[in-house]
Amino acid sequence: SIWVKFACSSLCCKSPWIKVSLKSVMDFKPASIQNLHTCPRALLVMVLLFPGRIAQEQCCMAALEDTSCTQGINMAKDEGDCKSLLSGSSCETKTARMCCECCLLGRALQDQKLSCHLGLPVSHQCGQVSHACCLDGAPQNLNNTPPGFGQSAGKCSQRCLGNGTCGCLKGYKLKPDGHSCEDINECLLGSYNCRAGERCINTVGSYRCQRVVSCGTGYELTESNICKDVDECETGTHNCGPELECQNTQGSFRCRPRVRCGSGFIQDALGSCIDINECLSQTAPCPSGQLCINTVGSYTCQRNTVNCGRGYHLNEDGTRCVDVDECQGPDAACGGHGCINQLGSYRCECRAGYAFNSISRSCDDINECRHYPGRLCAHKCENTVGSFQCSCTPGFKLASDGRNCDDVNECESSPCSQECANVYGSYQCYCRRGYQLSDVDGVVCEDIDECALPTGGHICSYRCHNTPGSFHCTCPELGYSLAPNGRNCQDIDECVTGTHSCSVTESCFNIQGGFRCLSFECPTNYRRSGEARPRVERSDIIRCVKSCQPNDISCILDPVHSVSHTVISMATFRDFSKPEEIVFLRTMQPASFSMGVPDIVFDILEGNEHNYFDIIKRYEHGMTVGVVRQVKPIIGPLHVVLKLAMNYVTSGVVSHRNIVNVHVFVSEFWF
């Protein structure tokens, strides 16, 4: 084994020595040097010797671990905590956090006046850091270092100069204890070399210069503290359009057209080339006596010549201008109208229906329909060359004067299928009752299907049958007959007409569209009040009252005093939107809230399985009334018996009750 010195920055390595093993000193060759590791600020160059890769990895790991540990020690000394190192998970961060916490542990031993030799089972590196911080000396190299350097050479924190003398690296000074090194504050001592406009910031072992004023727009501050121009064209931060080219300038940039215009052209803001009118932009580009004529991209000069105005031309000698007689020309200036020559011009005398145009010097047709609107023709006016012509709208014919219009009686030709009425300028077809005009031609009369109209469902109570020009209604075959108005269906009362089939012991009750044979028997211990009737009306009530034997205690104690029967017939509600009141239970009990007066409670005991009905209590004219209501729509036919109870309650106890059985018959139809 030998010690080999190699180039290494002090920021990555604490000593330029490394221990390597050689089979022979002759194995060392300069060609074996190569770049092995790049530090944050310097390039580490070492000797690659066998076993090659192992030496390379171990050297780099030692350098990184030593740098991270020093960072953690400096943080413990400067900030007094390690919070900023808690979030990282890299190997370097963990090493820095371990050295920071071990240094804080040494500082705690020093603050508590304890021995700097830590008696805890920690790692060797943690023990060294703790011992160094306790002695207020941060170790800079905790790995294997050659003799004469670092902690293994004695108590020197950085360098050992021999004979027991310690030394420090650049940027550090020796403490009074003779073996520890501390940072030199170059900014405080004034030993820095910053330029004007820069301020000094102290760092561990060195310092750096920072500009006081920022570089401003278009520049960026480099690592060497110099304001460098930002090339917006290269970075793509310019806003030049696709037809423009970006050109960088100091602190900014310019947008220049990609196409360069040639001589005689100027470029506008959009990069287009526009011709320069040299005759206007330059001062007298042509010599005296010559006329400047602009051309595309240039100009020409021509000699001045005699120029006669309109209506004149040069004489044969070419010395003066003479009048042109336009009326003698072969072009017929006035187009067949009268022509009168004038100096430099001419005038046309136009025929009737024409007017002279002084601009075109010709006779133009007069549009009489436009000049005299509504005064020439009764209906439509059409202009013709030199005149006009009148015409009429449909339904009229031109009168003998050629201007007015007379009405045409279209009904004479029988254009309608039924009836026709002539109107001024037209005619109107109309149909007899039960028909309507066709939407296609407005002439043919079509039958109206009254049954298919939106109101067809209300024309007839039951069914509607359309006929040509009319309709007729029908009713169900049984139980109904057509009313005199021919539309409604009215119920046949079989009980009145005698067409029912009830026996002498049964009572006939008419319902909507039919009848029912009813027989009401009073239960045991009850007797019928009143006589039996062969026919039951809607308002009839068959009432059975309690009649007990003198010794029948169970009968006497039974709270039911009466059992009644009543019958109602209802139609199916076509538009059910709110509760309908169908039965009223009137009592002889006055509406009183005094103590001792029984309260009446109404209830539905049976027959309301589908909750079609409910019962409420009401007070009318000082009396208590129970009202049975239909609360849900019912589709017939339906027969249901509602068992209602009228409970007389005193002090919360039912003293007695009356039972009312309501037989409800719901018809299949709404009528």
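Reply: A disulfide is here a pair of cysteine sulfur atoms within 2.5 Å, and since this is a predicted model, that cut-off is applied to predicted coordinates. C377 and C390 form such a disulfide, with their sulfur atoms 1.8 Å apart. The torsion about the S-S bond is -75°, and the link of C377 and C390 is left-handed. The pair links distant parts of the chain, with C377 in the loop between α7 (368-371) and β25 (380-384) and C390 in strand β26 (residues 387-391), 13 residues apart.

Me: How many disulfides does a search of the whole structure find?

Reply: The search finds 29 disulfides. One of these joins C475 to C489, with an S to S distance of 2.0 Å. The torsion about the S-S bond of this pair, C475 and C489, is about -100°, so the disulfide is left-handed. C475 lies in the loop between β34 (470-474) and β35 (480-482), whereas C489 lies in strand β36 (residues 489-491), so the pair ties together parts that are 14 residues apart in sequence.

Me: Are C475 and C489 buried or exposed?

Reply: Buried means under 20% relative accessible area, and both C475 and C489 are buried.

Me: Turning to strand pairing, how many bridges join β21 to β22, and in which direction do the strands run?

Reply: Two strands pair if DSSP finds at least two bridges between them, and 5 bridges join strand β21 (residues 338-342) to strand β22 (residues 345-349), which run antiparallel. Within this pairing, Y346 in β22 is the bridge partner of N341. The hairpin of β21 and β22 has 2 residues between the strands, and G344 takes a positive phi near 75° there.

Me: What does the protein chain contain as a whole, in helices and strands?

Reply: The protein chain has 10 helices and 47 strands, and buried residues make up 32% of its 671 residues. Its accessible surface comes to about 41800 Å², of which 51% belongs to carbon and sulfur atoms.

Note on methods: Residues numbered from 1 in each chain as written. Predicted model: local features only at pLDDT ≥ 70, side-chain atom pairs only at ≥ 80, totals over all residues. Heavy atoms only, no water. Helix = DSSP H or I, 4+ residues; strand = E, 2+ residues; numbered from the N terminus. Buried < 20%, exposed > 50% of the residue type's maximum accessible area, 1.4 Å probe, protein only. Areas by Shrake-Rupley, 256 points an atom, 1.4 Å probe, with all protein chains shown as cover.
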